[in-house]
Structure formats: structure tokens, C-alpha cells
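Let's take a walk through this structure together. Have a look at the fold first, and then we'll stop at a few spots along the chain.

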Amino acid sequence: MVTPAAGTHARSGGLVADTLFQHPSPNFGDRRDGRVPDLIVLHYTAMASAEAALERLSDPAFEVSSHYLIGRDGRIWQLVPEEKRAWHAGAGSWLGQGDVNSRSVGIELDNDGKTPFGEPLMAALEGLLPDIMDRWSIGVSGVIGHSDIAPARKSDPGRRFDWRRLARSGLAFWPDVEPASSLEVGGDNWAGFLDALAASGFPTDPAPDALLEAFRARFRPHARGPLTQADVLFALHLANDRALDLKEPLS
């Protein structure tokens, strides 16, 4: 698993008071069956502005919300208390469990999915995540994307999102091995690839092509075309490292 670079601290973030705003949304409920968050799900808004996203996430007619929204300029809005169930994830599952809304904190990122995530937004996210992770004892394996839990329906936060940056700060998971480019040839081991993704947490019901796209969006954003040996090797290392990470005590 990728570890933080020397001189950085995995849990050294924290909100700056003048960048956090309250914007209550009516779109929430109680977490079901006494669940508490064990996941943080990242999204992109795919809207023209943070203000447009705030309006949508606060409109009862749309029945959608998130706990937080981070603007492109680094402003952070809290819409739903963390102890409540926001309506951000929809149908999907992770590690074989559904009702992701009842077990997660949702963070919307002000981005269209086609352009890079700018420095102010990323820095704000790196400030927000550690507090949430510490508050609910969520490890790096619990920070995931919307497309991870719903590969057939969702593509966010997309190929432009810098997961490795979060991993280097100790705020997301990344396996140790980066496959060599020489392995970018056809891979017929679909069964091994899909088994590895299931062991890593991905749902098992979407079509294989949808799972491949979700996996690449998260871990191999520059890869295209049919399944390759590099995909299979990376997925196998992902499953192995994820299993080890899930057995480790939370810091």
C-alpha cells in the first residue's frame, strides 16, 4: 500500500473555520439499523457551479443530498449532519453490503468530471477527510468513489481525480505494485480479475466491462481498450493489499 511521503502526516488535516459554511438541506433521514459511517464516498457534481449544486442538494423535489460540498475555490459547505443519513449514494454495495447511505459520509466535489480537480478543492478535501476519518474510525480502505459502489450507473469522481495524491497523504488506499507497461497486452483471465475485484470490495453484479471501467477510473486512469495482463496483475495485488489493510488496526 502506498504510504505517506516523508515529512507528511496522514491525519494532520483540519477544517479552517472561515472556509466551512452551514447550508442545511432537508433531504436526510436517520441511519438505519443503528449503523454508523464506515465509508466516505466521493462524488463530482457535474454541474455548472457550486451554487447550482447547493440548490439541487437542498431542493426537496430532487430527494438528493450529501454531507459536504467542496467548491472549486476551496469553500466547504456542510448540508447534513454526519450522524444523519444523507441521500447521495443510491443503489450499490461495497464489501458485499448495501444501503451505502446508512454506512457512509458523502462528499460532493464541484467538478464536471472532464477537467482536473484544482488545487484549492484538493487542499480543502485533504483538510476535511482526516477529521471525518478520525471521528468515525474510518481507515484508508473506507475512502472510495461513487463508481466503486455502483459501476453500472456512475462514473464519478472519474479518471481526472487524483487518488494517488490522497494515498500519499494517507487519506486513500493504493496497492504497492504498479504494473509494467510491457504487460499492456491481452489478458484472458477475466475470472481471476473479477474475483480480485470482488475480494477488494467491488460489487459482483455489474457487467464485466462496467467493472473494468470502474477499476481503471480508480486505479489505472490512462488505460484503455480490452482487459490486459497489467489490469489482472494490478487487481490481484489490490485484493491482496486490501485484505492486509483491512486486518490492520485503525490508526
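Keep in mind that this is a predicted model. What joins Pro 157 to Asp 156 is a cis peptide bond, with omega at about 5°.

Now for two residues with a positive phi. Glu 63 sits in the loop between α1 (50–57) and β4 (68–70). Its phi is positive, about 50°, even though Glu 63 isn't a glycine. Is Glu 63 buried or exposed? With a relative accessible area of 56%, Glu 63 counts as exposed, since the cut-off for that word is over 50%. Ser 137 isn't a glycine either, and its phi is positive at about 55°. You'll find Ser 137 in another loop, the one between α2 (119–136) and β8 (143–145).

Finally, let's look at a pair of helices. The axes of α5 (residues 190–200) and α6 (residues 208–219) come within 11 Å and cross at roughly 60°. That angle makes α5 oblique to α6, and their crossing is left-handed. So which residues meet there? On the α5 side they are Trp 190, Phe 193, Leu 194 and Leu 197, and on the α6 side they are Pro 208, Asp 209, Leu 211, Leu 212 and Phe 215. Sort the residues of this contact by type and you get eight nonpolar, no polar and one charged.

Definitions and conventions
Residues numbered from 1 in each chain as written. Predicted model: local features only at pLDDT ≥ 70, side-chain atom pairs only at ≥ 80, totals over all residues. Heavy atoms only, no water. Axes fitted to C-alpha atoms, helices over the stretch in contact; angles between N-to-C directions. Helix = DSSP H or I, 4+ residues; strand = E, 2+ residues; numbered from the N terminus. Parallel < 35°, antiparallel > 145°, perpendicular 65-115°, else oblique. Left-handed = near helix turned anticlockwise from the far one by under 90°. Contact = heavy atoms within 4.5 Å. Nonpolar A, V, L, I, M, F, W, Y, C, P; charged D, E, K, R; others polar. Buried < 20%, exposed > 50% of the residue type's maximum accessible area, 1.4 Å probe, protein only.
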